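Subject: Structure handover

Dear colleague,

Here is the structure you will be working with. My notes on a helix and a sheet follow below it.

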Amino acid sequence: MAPPATSGPVSVGIANLPNQRHKIVSRKGASYNIMVVGESGLGKTTFINTLFTALMRDYKRPEQRFAKQLDRTVQIDVVRADIEEKGFNVRLSVIDTPGFGDYANNTDCWVPIVQFLDEQHQHILNHETVPNRKTDDLRVHACLYFIQPTGHTLKPLDIEVMKQLCTRVNLIPVIAKADTITPADMLAFKDRIRDCISTHNIQVFTPAVHSEDEDATRRNTSILAAMPFSVIASENDVQVNGQTVRGRQYLWGVAEVENEAHCDFKKLRNLLIRTHMHDLITSTHEHHYETHRVAKLTASGRSDDDPALQARRGFEAKMKEEEAELRKKFTEQVRLEENRFRQWEQKLISERDRLNEDLDKQHSLVKQLEEELEEIIAARKR
């Protein structure tokens with residue numbers, strides 16, 4: 001018996017995969033780790049509190065900061081918090097580096113930071129060979145390197161530390177206290193920093209610019225053009241033209257945190273949270289962790305030629321290809337449905353215009369008949 005004829009392609013439900021993925025991610029939540037690196041007094045704590053609109057870290061008293069300088073040690077402090085927004089949970093970890101760059105002799109002050117980054121990659125690598133792989137993942141997804149607003153260029157310490165960090169983590173340079181420099185000087189300062197980064201081949205995190213969505217392309221271009229990001233941080237509310245905003249009050253006016261004419265805080269927040277959080281997490285696993293893994297396996301006499309590792313990588317590559325293909329099919333289906341909807345809408349508009357035109361003609365005909373009737377009645381009365 002021949003199969004029954006169908007008028008079009010039969011839907012088997014593949015297009016529901018994005019919805020399933022959305023439900024899974026919404027239920028599990030996500031882990032997100034941010035590291036802040038920079039000298040004391042650059043507003044790192046205030047920035048983190050402003051970024052998440054919560055008291056993530058307490059401020060340290062001045063005597064505690066001086067005590068750190070006397071100890072001459074760079075510490076690694078981890079602050080954890082669970083953030084929920086619209087039913088979605090994020091397990092946030094903020095890694096601070098108190099004591100970094102606070103001494104007259106800062107030789108090798110970056111070593112504890114580099115060791116921490118390598119230890120987190122190694123921790124995950126060690127757990128890949130054990131039956132229970134559930135572990136505390138503290139791999140840093142974004143490292144914010146705070147630069148002093150000197151107006152000149154990067155210091156030798158900045159260059160050396162950024163060269164050490166960029167091969168291990170998604171590095172994002174940030175100019176602190178943007179309200180201490182005029183806009184013209186800030187633009188020139190940014191140009192010098194970009195030239196220095198390019199000259200020393202420092203790899204900073206760069207989001208993909210081009211996208212199928214024109215709005216996303218424009219947004220990514222704007223974010224890329226703003227790097228390094230100049231930020232103003234404040235937890236205080238001030239009044240500007242009758243509106244309450246976050247900012248700093250001065251005698252000459254107000255420096256607003258979320259005013260893009262004053263600083264790049266909104267663009268940096270979009271990069272870290274609203275638009276590229278997934279890219280940062282994915283880049284950490286697929287690029288930085290993989291680089292560490294390959295280096296360790298090669299040093300131990302193993303490589304990706306290992307059959308088990310090769311099979312696993314092949315399976316992961318196949319799954320990624322299938323996911324990309326499903327995403328492509330889903331996007332194409334959405335595009336076709338949108339085109340069909342536009343055609344249907346255009347037909348409705350055309351039909352509406354035709355009916356309106358016919359109605360106008362009928363109205364004109366009725367009016368003409370009424371006039372003829374009035375003329376006949378008037379002629380009879382005469």
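Helices here are DSSP runs of H or I with at least four residues, numbered from the N terminus. Please note that this is a predicted model.

Helix α8

By that numbering, Leu 268 is found in helix α8. Arg 269 lies in helix α8 too, which covers residues 265-274.

Is Leu 268 buried or exposed? Buried means under 20% relative accessible area. Leu 268 has a relative accessible area of 0%, so it counts as buried. Arg 269 also falls in the buried class, because its relative accessibility is 10%.

Leaving aside residues up to four places away in sequence, Leu 268 touches Phe 47, Leu 144, Ile 172, Val 174, Phe 229 and Val 231. One of these, Val 174, is 94 residues from Leu 268 along the chain, and the two C-alpha atoms are separated by 8.8 Å. With the same exclusion, Arg 269 touches Leu 51, Glu 258 and Arg 274.

Sheet β7-β8-β9

Which strands make up the open sheet, and in what order? The sheet has 3 strands, ordered β7-β8-β9, with antiparallel pairing. Strands β7 (237-240) and β9 (253-256) are its edges, each pairing on one side only. On average, neighbouring strands of this sheet are turned by 75° against each other, direction ignored.

β7 and β8 (residues 243-250) run antiparallel and are joined by 4 bridges. Within this part of the sheet, Val 240 stands opposite Gln 243 in β8.

Regards

Terms used:
Residues are numbered from 1 along each chain as its sequence is written. This is a predicted model: local features need pLDDT of at least 70, side-chain atom pairs count only at pLDDT 80 or more; totals for chains, interfaces and linings use all residues. Side-chain values use heavy atoms; hydrogens and water are left out. Helices (H or I, at least four residues) and strands (E, at least two) are DSSP runs, numbered from the N terminus. Buried means under 20% relative accessible area, exposed over 50%, partly exposed in between (1.4 Å probe, protein chains only). Contact means heavy atoms within 4.5 Å. Two strands pair if DSSP finds at least two bridges between them. Axes are lines fitted to C-alpha atoms, for helices over the stretch in contact, and angles run from 0 to 180 degrees between N-to-C directions.
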